[in-house]
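Let's look at how the words we use for a structure rest on their definitions. Have the coordinates open as we go.

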Amino acid sequence: MLKFPIFMDNHSTTPVDPRALEAMLPYFTQKFGNSASRNHAFGWEAESAVDRARGQLAQLIHCDPKEIIFTSGATESNNLALKGVAEMYRDRGDHMITVVTEHKAILDTAKRLEKTGLSVTYLTVDSNGLIDLTALRSAITDKTILISIMLANNEIGVIQPISEIGQLAKERGVLFHCDATQGVGKVPVDVRAMGIDLLSCSAHKMYGPKGVGALYVRKKNPRVRIAPLMDGGGHERGMRSGTLNVPAIVGFGMACEICEKEMAAESARLSQLRDRLSIRILEALDEVYLNGHPTQRLAQNLNMSFAYVEGESLLMGLKEVALSSGSACTTTTLEPSYVLRSLGVGSDLAHSSLRFGLGRFSTEEEVDYVAQRVIESVRRLREMSPLYEMAKEGIDLKSVQWAAH
Amino acid sequence: MSYSAKVIDHYSNPRNMGSLDKNDPNVGTGIVGAPECGDVMKLQLRVNDGVIEDAKFKTFGCGSAIASSSLATEWLKGKTVDEAFTIKNTDIVSELSLPPVKIHCSVLAEDAIKAAIADFRKKNQAE
């Protein structure tokens with residue numbers, strides 16, 4: 001039995017896994033201690049719960065538990081990494097490298113740092129959404145202190161060549177921060193093997209609760225130091241003051257453990273479902289374009305543009321399905337997705353895109369239903385579309401003099 | 001984005017969706033907007049003895065753009081060309097309860113009406 005609305009927007013957030021929730025519950029009412037209370041049982045209990053969670057995350061990303069700093073989420077982790085490094089390593093250099101398709105938590109942080117005098121290079125991507133390693137290599141200068149490149153993109157799911165970037169950073173003695181918010185728990189991450197010095201992640205993207213995330217900060221080879229964003233009690237090795245959100249951290253830890261155990265099977269299942277969704281749509285409709293690299297992407301992600309129909313009107317016809325669009329009309333800026341534009345996708349097709357985000361609780365029945373509804377809605381809107389009519393009459397839409405407004 | 005009941009109704013049951021013969025001398029066609037901007041409206045009207053006897057639209061755009069053009073065709077039918085020229089985007093905004101971010105949809109619909117009328121007048125002047 002299908003349950004409505006169907007949630008197919010797992011890049012935005014995920015439901016808490018019931019097993020993670022169960023682990024959290026005692027820490028609200030019975031085991032409510034402050035993990036920083038060193039002199040009584042309530043504190044010790046909370047501290048040991050936090051330590052266990054630290055271990056669970058450390059195991060998932062292959063680091064030492066002491067290298068984990070808990071934060072309020074990936075936005076904070078990204079801010080802490082970039083601003084913390086910029087401040088701490090200012091005497092060593094004033095240049096950073098990132099990519100145009102990064103999340104706003106990186107791009108807007110970089111922009112703020114530029115106002116303080118830091119210079120930032122924004123690497124472009126190819127039509128598949130991948131960076132060019134040669135361009136990265138030549139962007140590194142004597143003044144470069146940090147490279148920040150995401151693991152998997154939140155819109156198109158494209159996975160960057162992280163190990164190669166890590167190796168390059170190491171060769172040139174530059175720190176490497178990876179915003180792995182969309183990747184941790186979905187693809188194997190090994191910060192040591194991949195040469196990552198700092199890594200951001202978030203619990204609610206991997207079936208843990210909202211409001212908790214982490215920053216991995218390497219302790220050895222090299223020992224990375226960052227200036228804190230907030231001053232206070234010196235929690236988290238002085239890098240992130242503030243009483244720890246113990247119940248959320250416990251849920252985060254459990255979510256990590258579940259992801260580690262189930263990742264391989266889950267990825268295989270979801271990539272099959274994702275391909276099923278993609279094939280059904282492509283077989284039924286013409287002029288549908290896949291956005292992002294066809295294979296080097298998250299198993300959970302499908303991003304497509306449907307020529308001649310506008311994304312928001314498409315979503316409106318799919319009210320019973322929770323999806324996201326790169327259409328400008330779904331944002332407040334009236335600009336279509338900057339990620340799709342960076343891939344060289346024309347504004348018209350960027351306006352026409354849908355992002356499907358499958359997750360742990362997606363079923364084949366849901367996928368079939370969504371495919372069918374997308375097909376119907378696109379057909380209906382194309383019947384309504386003057387552009388489709390013109391294209392069918394053989395008019396080259398690019399040759400038309402549009403009255404831009 | 002939440003839509004007014006009227007926008008949803010026009011989106012789900014568009015009035016007068018389709019095309020008229022653009023080569024008919026009594027038909028005026030207006031195409032406004034641009035694909036890059038995310039909305040293109042085609043609005044057509046057929047005039048008989050100074051009165052608009054039929055109107056059709058096709059729209060590429062968000063739900064509010066579809067609703068604005070659907071509503072415009074409803075209003076056009078039965079009006080004289082001169083009366084049609086007085087339809088204002090603000091009338092569309094209040095009828096559909098469009099939020100500020102969607103006002104451009106109503107502007108586009110007004111532009112489409114004016115463009116269709118201009119096309120009709122041009123055709124009939126030339127003769």
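The questions below take up the core, the domains and the chain contact in turn.

This is a predicted model, in which local features need pLDDT of at least 70, side-chain atom pairs count only at pLDDT 80 or more, and totals for chains, interfaces and linings use all residues. Residues are numbered from 1 along each chain as its sequence is written, while chains are lettered from A and ligands numbered from 1 in the order in which they are written.

Q: What makes a set of residues a nonpolar core, and how many residues has the largest one?
A: Such a core joins buried Ala, Val, Leu, Ile, Met, Phe, Trp, Tyr and Cys residues through C-beta atoms within 7 Å; buried means 20 or more other C-beta atoms within 10 Å of a residue's own, with C-beta atoms placed from the backbone. The largest has 154 residues, and Ile61(A), Tyr216(A), Ile249(A) and Ala255(A) have the most contacts inside it.

Q: Why is this core said to lie between domain 1 and domain 2 of chain A?
A: Domain 1 (6-11 + 263-392) and domain 2 (18-258) of chain A both give residues to this core, so it lies between them. The bounds come from an automatic or database domain assignment.

Q: What makes residues of the two domains of chain A count as in contact, and how many are there on each side?
A: Two residues are in contact if their C-beta atoms, placed from the backbone, lie within 7 Å. By that rule, 20 residues of domain 1 of chain A are in contact with 21 residues of domain 2 of chain A.

Q: How many residues does each chain give to the contact between chains A and B?
A: Chain B gives 26 residues and chain A gives 25 residues.

Conventions:
Buried ≥ 20, exposed ≤ 12 C-beta atoms within 10 Å, placed from the backbone.
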